[in-house]
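Try each task on your own before reading its solution.

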Amino acid sequence: MGTKERHQRERNRTREAILTAARELFVAEGYRNVSMRKIADRIEYSPAAIYSYFPSKDDIFFSLAEEGFRLLAGCGMASARGAEDPLERLRRGLWAFYEFSKTHPEYFELMFVDRSVPSLSQDFQRFEFFQETTARAEADILACIERGQFSKALNPPAALHVLWVGMLGAATIALAQRLAPGEDPDALAHDVLESLLAGFTTNIRTTFVASDCALRAADGITSKAAHHA
């Protein structure tokens, strides 16, 4: 291995150490309470050295959020593998989101719970890859509408928000351990999911209007789905 390769490997190790330390501190103390100096102290580096890897604390967050969304996208793809029915793919994908909160709680808390983190819209291009995930989910909702499984008054992007928020609530309650002793968070999450899906089989009409953003598909699925609003 040449000098250049060794140097790059060392930089990669240091970068990962910074991200790991930051993730742990953000979760333990809250994003707003963690400084670059505190991250540097955690890995016994000088703040100046960290700035050569990340210009700001926000840049560290965006790198962690990108890692988290890539993990989440991977979980969703793995869960849908082998499912032919769009309703089943949708169910599996939403359950994968809930499972993600259990297997990667640090990422989940940073991405969806901590209110002090920067808005993803500040660096939306970094997260464009996740549009494929939301596009697939919207396409499955649209397919369920066209098959008569869901209400024709549903708007797929709005419906996806409803499903996502429902599972986010179940995941957050479980992560925060807000249930009484003996109450099963997995059973509650299951019932939330099935109740939401069952509700879509009625004549329910969505009133929420989903706006275009980094985590929404910017392709024909959205415009096609709008005809069902």
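**Exercise 1.** State how many helices and strands the protein chain has.

Solution. Begin with the rule: helices are DSSP runs of H or I with at least four residues, strands are runs of E with at least two, and both are numbered from the N terminus. Counting this way gives ten helices and zero strands. Written along the sequence, the pattern is α-α-α-α-α-α-α-α-α-α. Keep in mind that this is a predicted model, where local features need pLDDT of at least 70, side-chain atom pairs need 80 or more, and totals for chains, interfaces and linings use all residues. Residues are numbered from 1 along each chain as its sequence is written, and side-chain values use heavy atoms, without hydrogens and water.

**Exercise 2.** Find what share of the residues of the protein chain count as buried.

Solution. Buried means under 20% relative accessible area, exposed over 50%, and partly exposed in between (1.4 Å probe, protein chains only). As for extent, the C-alpha trace spans about 60 × 45 × 35 Å along its principal axes.

**Exercise 3.** Locate Glu183 and decide whether this residue is buried, partly exposed or exposed.

Solution. First, look in the loop between α8 (156-175) and α9 (185-199), where Glu183 sits. Next, take its relative accessibility: Glu183 is partly exposed because the value is 46%. Finally, check its side chain: one of its polar atoms lies 2.8 Å from the backbone nitrogen of Ala180.

Notes
A polar contact is a pair of N or O atoms within 3.5 Å; within protein, one must be able to donate a hydrogen and the other to accept it, and residues adjacent in sequence count only if both atoms are side-chain atoms.
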